[in-house]
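I set out to record, entry by entry, what I looked up in this structure.

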Amino acid sequence: MTLELAANQGVAPNLDQVEASPFAVRGMTVSYGQKPVVFSVDMTVSEGSMTAIIGPNGAGKSTLLKAALGIVKPLSGRVMIFGKPLKGQRNRIAYVPQRASVDWDFPTRVIDVVLMGLHRELGLLRRVRQHHVDKARDCLDRVGMADFANRQIGQLSGGQQQRVFLARALAQGADLYLLDEPFAGVDAATEKAIIDVLKGLKAEGKTVVAVHHDLSTVSEYFDRVFMINTRRIAEGSVAEAFTAENLDKTYGGRLATAHVDQLDLAAG
Amino acid sequence: MLWDALFLQMGYNATLVAIGACFLGVAAGVTGTFLFLRKRALVSDAISHATLPGVGLAFIVMVLLGGDGRSLPGLLFGSAVSAWIGLLGVSWLTRRTRLAEDAAIGAVLSVFFGFGIVILTVIQTMSVGRQAGLEGFLLGSTAGMLWNDAVVIAAGGALTLAVVLLLRRSMALVAFDPEFAAASGINVPRIDLAIMALAMAVTVVGLKIVGLILIVAMLIIPPVTARFWTDRTDRVTLISGIVGGVSGYVGAALSAAIPHLPTGPIIVLTSFGMFILSLLLAPNRGVLAALLRHLSFQRRVHMRQGLLALAQGQPIYEKLTLRLLERAGLARADGVATEEGRARAAKALRDEKRWELVRADQAFESAAALYDGLREIETVLTTDQIEEIDRRIGGPMGVPA
């Protein structure tokens, strides 16, 4: 424990890194009851990168994102968005929650869900105009769901639901995209559609952070990894940090060796 | 009689009640929609029962101050204060203890109601208390409704509607996806509190007409009725308001037309009638529609299976399948295909093959999403697309398309 804390402090990035980072977390601790799920975690996402947050079930991946966005209340910790406090920077963030977190029998159409992404623009009283609808349709088109605009959301498959959520995030027109398990339980076509969109965002210079569970695609999809198991285990480029040793530390030997061997790992 | 009542020809009091109930119904239906969408409908039960001690205490305070204990604004103010305390109690118990919301609702509801009854009993023994008529707040009492009471109800209802209009987008967003709402900077607990406060306002305003026990029905029945008819939030809200308004008006008119019918319960039963009709008859989500859809789907499945069996020369064992094929003139009673049956069977087999390709090809995704094993492929693809698929299938061109 002492060793780990010392190690954390050893690599603690300086203020310049926080200033430059689109998404920097310092000393984040979150607990449900008395049990910390995330403990004193620092995270520094570099601008224009695609970062995978990986770790075992219950390791605090989603909780870290939720606490950073103020969806759950952390016990301690600070979040800086593009070097400024979260408040006032929310319009630069788009968030894609887990698909299973909402009731898909809710009375609403696909296009209405995407329009929720324009909620800031619309404010309290402004009417939804044609250009808002056009923008929402455009976002649906980018995820290959333009034909589904007027469907009730309950009629969608899991993968299609995920793409609608992504379209809503696109409508937010943000600089930083935070996604919670965007590839969980989706079909191959959806996975491809989503990764194409995310890579497109990266090409535009946007920053993408995704909670990810499929180790076999980490090196194909992402350029940076953040490994967490309640505490931060490792952070860095896929080439440096995605090593067998770090995986072992993160998953505590829970990964079968045969499985690890098949991964496209950096030499550790 | 009823006719007169519906056209407000029943006299001053009945007219006041009908108009008040209509306003109340619209406000309750619209407000209740967001409670229902947020899946917090039962909280309204705790809110309404928590009004009772406030009514009693307000009466006592007003009498002690030398005023008229029965002044409606004063009683409503008292009920609002105690409902607010009950509401905070429920939300505190849910957040700070391990009590689930249903248990918290049960606890607050019964304790406040019990306390309220005790206070009403005490008031009965006061010298001025005998004519108080506060029991009327339990089930509503419209007999002595005054012009001022109607104004209070109408104004309260209108104010509630204005707030709903202002917050509708935020409330819908919080109801659908609270995490996304929080991430975009909406104060979710505050919106939740606003939804509850609106329900409370409706409850307080409705005490005079339907009473605290039945007001819950006016908040919940209209939105669940509306949900049968549409899949859009704005329309659920609109229809719910209409259902609430109509049942308030018609219910009040009915109770005015027929002697000794209590207003509140009749309003609730009227909206329940609309609920039953919707449950049975609504085109998509209604029970009858679902039953008919199921039967027709079953028949189409049998027909399809029968045709595919014919095409592949397999025997048909299912009696229903045989009967359907025979009735359509596609097969004889012994299961041998007729001329037309053979053609249809070949087409069915060909369509199966086409669907197989469509479903495997990402380019046809939106068409493939419509696949249910039965749908005619011509209804989802253009002739050009089908030709293209047929080219890819190749195979014997002799098969009629």
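The entries below begin with conventions and then go through the two chains.

**Conventions.** I worked from a predicted model, in which local features need pLDDT of at least 70 and side-chain atom pairs count only at pLDDT 80 or more, while totals for chains, interfaces and linings use all residues. Residues are numbered from 1 along each chain as its sequence is written, and chains are lettered from A and ligands numbered from 1 in the order in which they are written.

**Chain A overall.** I found twelve helices and ten strands in chain A; helices (H or I, at least four residues) and strands (E, at least two) are DSSP runs, numbered from the N terminus. I noted that 45% of the 268 residues in chain A are buried. A residue counts as buried if 20 or more other C-beta atoms lie within 10 Å of its own, as exposed if 12 or fewer do, and as partly exposed in between, with C-beta atoms placed from the backbone. I then looked at contacts in chain A between residues at least 6 apart in sequence, and 69% of them join residues at least 24 apart. A contact requires C-beta atoms, placed from the backbone, that lie within 7 Å.

**A:Leu176.** I located A:Leu176 in strand β7 (residues 176-180) of chain A. A:Leu176 has 21 other C-beta atoms within 10 Å and is therefore buried. Leaving aside neighbours within four places in sequence, I listed the contacts of A:Leu176 as A:Pro22, A:Phe23, A:Ile81, A:Arg92, A:Ile93 and A:Thr207. I also looked up A:Ala94, which is 82 residues from A:Leu176 in sequence but 6.2 Å away in space, C-alpha to C-alpha.

**Helices α7(A) and α8(A).** I examined how helix α7 (residues 158-171) of chain A packs with helix α8 (residues 188-203) of chain A: the angle is about 15° and the axes are 9 Å apart. Axes are lines fitted to C-alpha atoms, for helices over the stretch in contact, and angles run from 0 to 180 degrees between N-to-C directions. The two helices, α7(A) and α8(A), are therefore roughly parallel; angles under 35 degrees count as roughly parallel, over 145 as roughly antiparallel, 65 to 115 as roughly perpendicular and the rest as oblique. I recorded the crossing of α7(A) past α8(A) as left-handed, the term for a near helix turned anticlockwise from the far one by less than a right angle, with clockwise being right-handed. On the α7(A) side I listed A:Gly159, A:Gln162, A:Arg163 and A:Leu166, which meet A:Ala189, A:Thr190, A:Ala193, A:Ile194 and A:Val197 in α8(A). The residues of this contact comprise five nonpolar, three polar and one charged. Ala, Val, Leu, Ile, Met, Phe, Trp, Tyr, Cys and Pro count as nonpolar, Asp, Glu, Lys and Arg as charged, and the others, Gly among them, as polar.

**Helix α11(A).** Which residues of helix α11 (residues 244-251) of chain A are buried? I found A:Asn246, A:Leu247 and A:Thr250. They lie on the same side of α11(A), because they cover an arc of only 100° around the axis, the arc being that of the directions from the helix axis to the C-beta atoms. Just after α11(A), I noted a positive phi of about 55° at A:Gly252.

Most residues other than glycine have a negative phi. I found that A:Ser40 has a positive phi, near 45°, and that A:Ser40 belongs to strand β2 (residues 35-45) of chain A. In chain B, B:His260 has a positive phi of about 70° and sits in the loop between α12 and α13 (263-281) of chain B. B:His260 counts as exposed, with 5 C-beta neighbours inside 10 Å.

**Helices α2(B) and α8(B).** I looked up helix α2 (residues 12-37) of chain B, which packs with α8(B) at an angle of about 20°, with the axes 9 Å apart. At that angle α2(B) is roughly parallel to α8(B). The crossing of α2(B) past α8(B) is left-handed. The residues of this contact divide into 18 nonpolar, four polar and no charged.

**Contact between the chains.** I recorded 25 residues from chain A and 22 residues from chain B in the contact. On the side of chain B that touches chain A, the elements giving two or more residues are α8 (147-176), α9 (178-183), α12 (233-257) and α17 (365-368) of chain B. By class, that side of chain B has nine nonpolar, six polar and seven charged residues.

Methods: Contact = placed C-beta atoms within 7 Å.
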